[in-house]
Number of protein chains: 2
Amino acid sequence: MGIVERKEKQKQDIKKMILDASMKLFVEEGFDNVTIRKIADLIEYSPTTVYLYFKDKDEIFFQLSQVGFEKMLELNQNLTTIANPLMRLYKMGENYIHFGMTNPEFYDVMFIQLAPMDCISKMEELEWSAGNAAIENLKELLKECMDKGFIQKAPVEIVAMAIWGLVHGMVSLAIRNRLDHINKKVTSKEHLTKMMYQSINWLLGSIDTSIKKK
Amino acid sequence: MGIVERKEKQKQDIKKMILDASMKLFVEEGFDNVTIRKIADLIEYSPTTVYLYFKDKDEIFFQLSQVGFEKMLELNQNLTTIANPLMRLYKMGENYIHFGMTNPEFYDVMFIQLAPMDCISKMEELEWSAGNAAIENLKELLKECMDKGFIQKAPVEIVAMAIWGLVHGMVSLAIRNRLDHINKKVTSKEHLTKMMYQSINWLLGSIDTSIKKK
DNA sequence: TTTGGAAACTTAACAGTGTTAAGTATATTT
DNA sequence: AAATATACTTAACACTGTTAAGTTTCCAAA
């Protein structure tokens with residue numbers, strides 16, 4: 001059965017070629033410039049071949065978003081060494097913001113575009129597991145913060161929504177050019193990122209119950 | 001000069017017809033289903049006529065976003081009667097969330113879609129005045145809260161970014177179907193909205209310095 | 001080794017998109 | 001009445017995602 005095995009491998013190879021080509025277009029030219037025909041050109045197949053490996057365009061974007069989640073997970077490796085849960089929460093927020101601001105296309109397809117979610121709702125048995133895992137991660141960290149008395153006890157979903165909302169809100173506003181005049185100075189990407197760090201710092205400072213309030 | 005006047009009025013009438021038709025498609029069928037040809041069908045003109053009144057599709061979306069800002073401003077009339085600035089801030093957040101959750105298409109074009117911002121950056125002399133005015137509004141309210149001792153003094157842009165980020169983040173995640181599994185229960189639009197209210201309540205409770213902390 | 005059939009891939013097309021150049025009516029001015 | 005300016009349309013260009021039908025390639029059984 002070496003043949004059927006090799007065939008399967010070839011199939012996976014072409015699938016990967018398609019995703020790599022999509023990724024290249026996606027990162028270099030942005031979401032809207034990923035077209036089936038351009039992908040086909042890059043891998044030197046006809047456009048219809050793409051449909052032999054992916055149900056539709058949404059599925060390609062779903063797969064790209066999965067790659068994004070992997071990249072993000074990798075970035076979060078630096079959290080494991082931080083013992084203090086509130087500091088870990090801060091660093092998590094910093095990682096999130098940094099990821100979004102330096103990989104806007106990935107961030108887009110992971111958290112803004114409808115395509116991947118449409119794909120999930122179309123395909124039975126498929127779900128947003130990577131996203132949900134990230135949410136559960138945040139919720140657990142918050143629970144740890146509460147249990148250890150770093151922040152006041154409160155319904156964990158409510159706080160998680162607030163904190164995720166905070167970082168996602170700032171990053172997505174920036175990506176969609178809504179923060180360009182938040183202050184008088186020129187707001188470069190780098191400057192905005194630093195301001196966001198200050199914002200999460202302000203929030204965590206406000207809810208921190210482990211330090212004496214003056 | 002009665003004729004040139006009437007001509008000008010007719011021109012404005014057709015412009016309004018185009019916007020009304022766009023709005024109808026936009027609200028009833030969503031952003032992606034607004035096409036020049038469908039607009040033309042509705043107003044019973046040829047597609048090219050639309051281009052005699054608007055530079056391109058982006059300009060139509062820019063105009064629609066402006067209508068959205070007007071609706072939002074109207075909604076915020078209920079703030080004027082609230083004396084306590086922190087309560088005003090809470091109600092402002094509630095208004096914002098309510099607006100976004102009940103007018104997702106408008107919210108989309110105002111704060112998520114790139115089209116209106118692209119229009120602004122293309123047209124010289126055009127700027128995001130409605131959005132910037134809303135930001136200034138928030139900043140002033142925050143300053144009042146700080147001056148009157150309701151919340152700790154902090155750089156107002158940083159806090160504004162955090163709070164706007166918080167509400168925008170939650171609403172845009174909801175609109176883009178990323179909050180569907182934030183908890184085990186079925187998360188209806190109404191339920192999510194209530195949770196968001198609790199989130200802003202949690203935040204404002206955390207930063208409120210006007211009440212004794214236990 | 002030849003033949004049958006499955007698998008892989010392409011051609012051509014459908015129905016749609018935003019946008020524009022060129023042409024035709026309509027209305028106003030000279 | 002003729003010339004001109006305004007309003008509008010026809011036809012087309014260059015794209016898009018997607019699919020039905022046809023072709024080529026490859027592998028297994030006769």
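**Figure 1. The contact between chain A and chain B in the predicted model**. This contact draws 37 residues from chain B and 37 residues from chain A. On the side of chain B that touches chain A, two or more residues are given by each of four elements of chain B: helix 6 (104–112), helix 8 (129–147), helix 9 (156–175) and helix 10 (189–207). Helix 9 of chain B provides the largest share of this side, namely 14 residues.

**Figure 2. The surface near DNA strand D**. Both protein chains take part in this surface: helix 2 (36–43) and helix 3 (47–53) of chain A, as well as helix 1 and helix 3 (47–53) of chain B, each supply at least two residues. There are 18 residues around DNA strand D, and those that come nearest are A:T35, A:D56, A:K57, B:S46 and B:T49. The residues of this surface divide into seven nonpolar, five polar and six charged.

**Figure 3. Residue B:D20 in helix 1 of chain B**. Helix 1 of chain B, which spans residues 2–29, contains B:D20. B:D20 counts as partly exposed because 13 C-beta neighbours lie inside 10 Å; a residue would be buried with 20 or more and exposed with 12 or fewer. Along the chain, B:D20 and B:G149 are 129 residues apart, and their C-alpha atoms are separated by 46 Å.

Notes:
Residues numbered from 1 in each chain as written. Chains lettered and ligands numbered in written order. Predicted model: local features only at pLDDT ≥ 70, side-chain atom pairs only at ≥ 80, totals over all residues. Contact = placed C-beta atoms within 7 Å. Near = placed C-beta within 6 Å. Nonpolar A, V, L, I, M, F, W, Y, C, P; charged D, E, K, R; others polar.
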